[in-house]
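Please have the sequence and the model at hand while reading.

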Amino acid sequence: MNYNRFFPTSMKAALANDPPGAWVPKTPADCICLHRGYPASSLVPYVEIKCAVNTLIDKEHDLPLHYLGSAQTGVLKEKIRSRLAVRGIVVKDAELLVTSGSSQALDLIARTLLDQTAVVAMEAPTYMEALETFQNYTNQIISVPIDEHGLKVDVLETLLLKRKQDRLPMPRFLYTIPSFHNPSGVTMNPERRHRLLQLASAFDFLIVEDDAYGELSFSEKPIPLKATDPEQRVLHVGSLSKVVAPGMRIGWIAGAHELVFACNWVKKDLDHPFAQATMGTYLQHINLEQHIMQLRNAYRSRRDVLVAALEQFMPEWVKWTIPDGGYFVWLHVPNVDTSLLLEKSLREGVSFVPGKHFFLHPSEGKDYLRLSFSYEEPERMVEGIQKLGELIRLV
């Protein structure tokens with residue numbers, strides 16, 4: 001049977017794109033996985049989470065396993081609100097929606113705000129899974145380049161003025177990762193952040209701020225866009241995946257009540273009450289600030305190991321960023337097709353993500369690649385970079 005005839009036009013268009021996760025390389029056994037944007041295994045607090053599960057079940061028995069779940073889900077929300085307030089984001093209860101990870105948050109925003117008539121602006125490069133998500137709802141996506149200071153707001157302004165002159169619709173929203181960008185690692189400077197908010201007001205669009213790595217600063221802590229959002233145009237998307245455990249699937253949307261209400265309307269009861277109650281219990285029994293400081297120190301050390309290995313083993317014509325936080329280093333390998341390079345690298349037992357996956361137009365990322373310093377142990381990272389450097393020299 002041809003089931004294609006049952007799909008609506010929007011689904012047919014979505015299925016024409018690459019499937020979700022197509023960017024993940026098939027790694028051989030014992031591969032040095034420099035593609036994985038995961039927390040290091042040794043930094044996931046599994047013992048404390050196990051204790052939280054035991055505490056929750058011992059105290060509440062079957063309650064956390066029901067649809068409505070435990071009161072600890074409310075504790076989780078308050079803990080998130082408190083943490084946001086520390087970073088300058090003050091929201092009321094109705095302005096915060098807990099989600100099943102930031103991926104669900106982005107999908108809810110897309111479902112709420114997008115259709116095939118809607119325009120989305122995104123950075124180039126950008127987070128590939130956000131690009132995959134938005135392409136499920138619209139094919140009207142425009143790219144704005146970044147540099148070492150983040151989104152090039154001057155280019156954005158020129159683009160917006162041209163669209164206005166040509167009587168084309170403005171973006172429904174602009175999606176940005178202003179702090180410790182994935183994949184580039186760069187951070188948008190304060191001047192550009194301020195100008196971006198001004199442009200959103202002048203041209204009447206929303207901003208979706210993906211702050212997945214915002215807590216993982218290695219020096220100065222950037223101020224979130226949402227913390228300086230006078231017109232409530234910013235939907236702030238956050239997650240505990242990078243600072244606690246990704247499998248817990250705890251994320252959120254913080255924004256104007258009307259927008260959060262609409263996202264919750266389409267979300268309905270697609271929650272994970274047990275995971276939320278467990279996380280609420282966990283956060284009640286640990287010092288989150290202390291935990292995050294430990295992560296910052298650990299990932300700063302790992303970044304330094306990776307950068308030192310790059311300096312030692314890469315040809316001088318290969319260039320990279322040195323991020324001030326997050327998980328990633330972004331390499332430019334001029335005149336090298338990094339997708340073909342990956343095939344050779346996997347045979348040597350080293351993985352990375354080719355740059356093409358981070359662009360709306362894949363050819364723009366042909367000679368870039370992303371490395372993660374978060375997951376592998378330092379000595380294996382050094383070994384992986386040495387092998388990768390040797391392969392690049394032979395190209």
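A salt bridge is counted where a side-chain nitrogen of Lys or Arg lies within 4 Å of a carboxyl oxygen of Asp or Glu. The model is a predicted one, in which local features need pLDDT of at least 70 and side-chain atom pairs count only at pLDDT 80 or more, while totals for chains, interfaces and linings use all residues. Residues are numbered from 1 along each chain as its sequence is written, and side-chain values use heavy atoms, with hydrogens and water left out.

**Salt bridges**

Across the whole structure, 19 salt bridges are found.

| D93 | K77 | 3.4 Å |

Relative accessible area, found by the Shrake-Rupley method with a 1.4 Å probe, is called buried under 20%, exposed over 50% and partly exposed in between, with protein chains only as cover. On this scale K77 is buried because its value is 18%, whereas D93 is partly exposed at 39%. D166 is partly exposed at 37%, as is K162 at 44%, and E376 is buried at 7%.

**Cavities**

A cavity is a set of points on a 1 Å grid over the protein atoms alone where a 1.4 Å probe fits but cannot get out, and its lining residues have an atom within 4 Å of a point. Two cavities of 30 Å³ or more are counted. The largest holds about 160 Å³ of space and is lined by 17 residues, with R83, E215, S239, L240 and W252 nearest its centre. Helix α3 (72-86), strand β8 (234-239) and helix α10 (288-313) each supply at least two lining residues, and α3 gives the most, with four. The second largest cavity holds about 30 Å³, and its lining includes E123, H181 and M188.

**A nonpolar patch**

M1, Y3, F6, F7, M11 and L15 make a nonpolar surface patch of about 670 Å²; such patches take residues with over 30% relative accessible area and no salt bridge, nonpolar side chains (Val, Leu, Ile, Met, Phe, Trp, Tyr) being joined within 5 Å. M1 lies in the segment before α1 (9-15) and is exposed at 69%.

Conventions:
Patch = residues over 30% accessible without salt bridge, like charges linked within 9 Å, V, L, I, M, F, W, Y side chains within 5 Å. Buried < 20%, exposed > 50% of the residue type's maximum accessible area, 1.4 Å probe, protein only. 1 Å grid on protein atoms, 1.4 Å probe; cavity = no way out; pocket = protein on both sides within 12 Å on 5 of 7 lines; lining within 4 Å. Points joined across faces, edges and corners; volume = space filled by probe spheres on them.
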